[in-house]
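The sequence and model come first, and the notes follow.

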Amino acid sequence: MAWFKREIKGIITTTEEKKEAPDGIWNKCPQCKKPLHYSEQVENQYVCHYCGYHLRIGSKEYFSVLFDDNQFTELFTTLHSGDPLHFTDTKKYTDRLKETKNKTGLTDAIRAAHGKMNGEELVIACMDFTFIGGSMGSVVGEKIARSIDHSIANKIPFLMISKSGGARMMEAAFSLMQMAKTSAKLALLSQAKIPYISLLTDPTTGGVTASYAMLGDINIAEPGSLIGFAGPRVIKETIKKDLPKGFQTAEFVQEHGFLDFIVDRREMKEKLASFLKMLAPVSAKEEKTEPQA
């Protein structure tokens with residue numbers, strides 16, 4: 001019965017010869033469950049080409065999608081979170097920050113940059129959910145405030161990309177203060193007649209939704225994004241009632257008047273650039289007609 005035995009090497013591969021695919025090459029769409037190759041994700045701007053699901057991405061990917069040739073100058077890179085409350089839960093806040101920085105390569109839950117989008121100058125502040133759930137701490141508020149100051153000083157439109165679980169509990173009141181701080185800065189931006197675009201992505205919740213995320217001259221969102229203050233589960237347990245279908249999705253929020261429009265990520269750069277070009281002549285005209293002292 002020699003046919004039960006393999007006397008010569010066939011499909012057997014030794015352990016030394018086995019090769020593994022590097023991490024990140026393949027991903028699975030959370031909605032349709034189909035495999036997505038990394039090159040396909042980049043080509044399709046991180047949108048599933050099977051079902052149109054918008055994958056969660058961070059500042060690195062948003063900058064590559066929006067800035068011309070991925071060329072930009074990053075701003076305020078030296079800001080780091082402190083530990084004013086000496087906070088400890090399952091581990092020290094300082095240890096958590098150090099671990100997260102090493103894991104993500106980020107300094108905090110937001111990055112700010114100045115560049116061009118279809119030839120139009122723009123300042124973008126983009127949150128990263130991978131850094132402690134995109135939580136809003138003092139550094140997040142400070143970077144947004146300084147980005148707004150940069151926009152005012154250079155008369156450049158400001159785009160805020162929100163992706164957050166809300167305020168950072170490890171900084172308590174210091175975190176909550178950022179809501180008022182950023183809102184006050186945005187009022188100065190409005191007085192300077194400089195456009196502010198707020199882009200809400202999946203998820204945008206908590207104190208971020210209750211402050212700068214909803215204060216744009218136009219508020220836009222990506223399809224299917226979770227947008228709200230408290231989470232659906234918390235609301236359902238509080239009111240003891242079933243929630244409407246699609247509750248707190250971008251489509252539901254738009255239907256109830258909190259969003260101007262929903263834009264596909266693959267069309268976002270063109271639409272935002274067109275919007276800024278429409279505003280540019282108006283801003284220039286207003287500047288010329290202002291009375292001189």
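The sections below go from the whole chain to single residues.

## Basis and overall make-up

This is a predicted model, in which local features need pLDDT of at least 70 and side-chain atom pairs count only at pLDDT 80 or more, while totals for chains, interfaces and linings use all residues. Residues are numbered from 1 along each chain as its sequence is written, and side-chain values use heavy atoms, with hydrogens and water left out.

The protein has nine helices and nine strands. Both are DSSP runs numbered from the N terminus: helices are H or I with at least four residues, strands are E with at least two. Of the 293 residues in the protein, 40% are buried. Buried means under 20% relative accessible area, exposed over 50%, and partly exposed in between, with a 1.4 Å probe and protein chains only. Contact means heavy atoms within 4.5 Å. Among contacts between residues at least 6 apart in sequence, 67% join residues at least 24 apart.

An unreviewed UniProt entry lists residues 29-51 as "zinc finger region: C4-type". For "binding site", the unreviewed entry lists Cys29, Cys32, Cys48 and Cys51. These four are spread over 23 residues of sequence but cluster in space, with a largest C-alpha distance of 8.7 Å. UniProt positions are given in the numbering used here, feature names are shortened, and annotations may be inferred rather than shown by experiment. The span 29-51 is 26% helix and 13% strand, and its end C-alpha atoms lie 9 Å apart.

Cys29 is in the loop between strand S1 (26-28) and strand S2 (35-37). Cys29 counts as buried because its relative accessible area is 0%. Leaving aside neighbours within four places in sequence, Cys29 is in contact with Lys34, Leu36, Cys48, Cys51 and Tyr53. Cys51 is in the loop between helix H1 (38-43) and H2. With a relative accessible area of 31%, Cys51 is partly exposed. Beyond its neighbours within four places in sequence, Cys51 is in contact with Cys29, Gln31 and Cys32.

In soluble globular proteins, nonpolar side chains tend to be buried together. A nonpolar core is here a set of buried Ala, Val, Leu, Ile, Met, Phe, Trp, Tyr and Cys residues joined through side-chain atoms within 4.5 Å. The largest nonpolar core has 32 residues, of which Val140, Ile144, Phe158, Met160 and Tyr212 touch the most other members. Among the elements that each supply at least two residues of this core are strand S4 (110-117), helix H4 (138-154), strand S6 (158-164) and helix H5 (172-191). Not counting residues up to four places away in sequence, Ile144 touches Ile110, Phe158, Met160, Thr182 and Tyr212. A second, separate core of 24 residues includes Tyr62, Met117, Leu122 and Ile218.

Phe63 lies in helix H2 and is buried, with a relative accessible area of 0%. Phe63 and Gly115 are 52 residues apart in sequence, yet 9.3 Å apart in space, C-alpha to C-alpha. Leaving aside neighbours within four places in sequence, the contacts of Phe63 include Asn70, Phe72, Arg111, Ile124 and Cys126.

## The second largest pocket

A pocket is an open set of points on a 1 Å grid over the protein atoms alone, where a 1.4 Å probe fits, with protein on both sides within 12 Å along at least five of seven lines; lining residues have an atom within 4 Å of a point. The second largest pocket holds about 330 Å³ of space, a volume being the space filled by probe spheres set on the points, which are joined across faces, edges and corners.

Its lining has 14 residues, and Gly58, Glu61, Leu106, Asp128 and Thr130 lie nearest the centre. Helix H2 (59-66) and helix H3 (93-104) each supply at least two lining residues, and H2 gives the most, with three. By type, the lining has three nonpolar, four polar and seven charged residues. Ala, Val, Leu, Ile, Met, Phe, Trp, Tyr, Cys and Pro count as nonpolar, Asp, Glu, Lys and Arg as charged, and the others, Gly among them, as polar.

## Backbone details

The peptide bond from Asp202 to Pro203 is cis, with omega near -5°, and Pro203 is in strand S7.

Ile132 is not a glycine but has a positive phi of about 50°. Ile132 is found in the loop between S5 and H4 and is partly exposed at 21% relative accessibility. Lys155, also not a glycine, has a positive phi near 55°. Lys155 is found in the loop between H4 and S6 and is exposed, at 57% relative accessibility.
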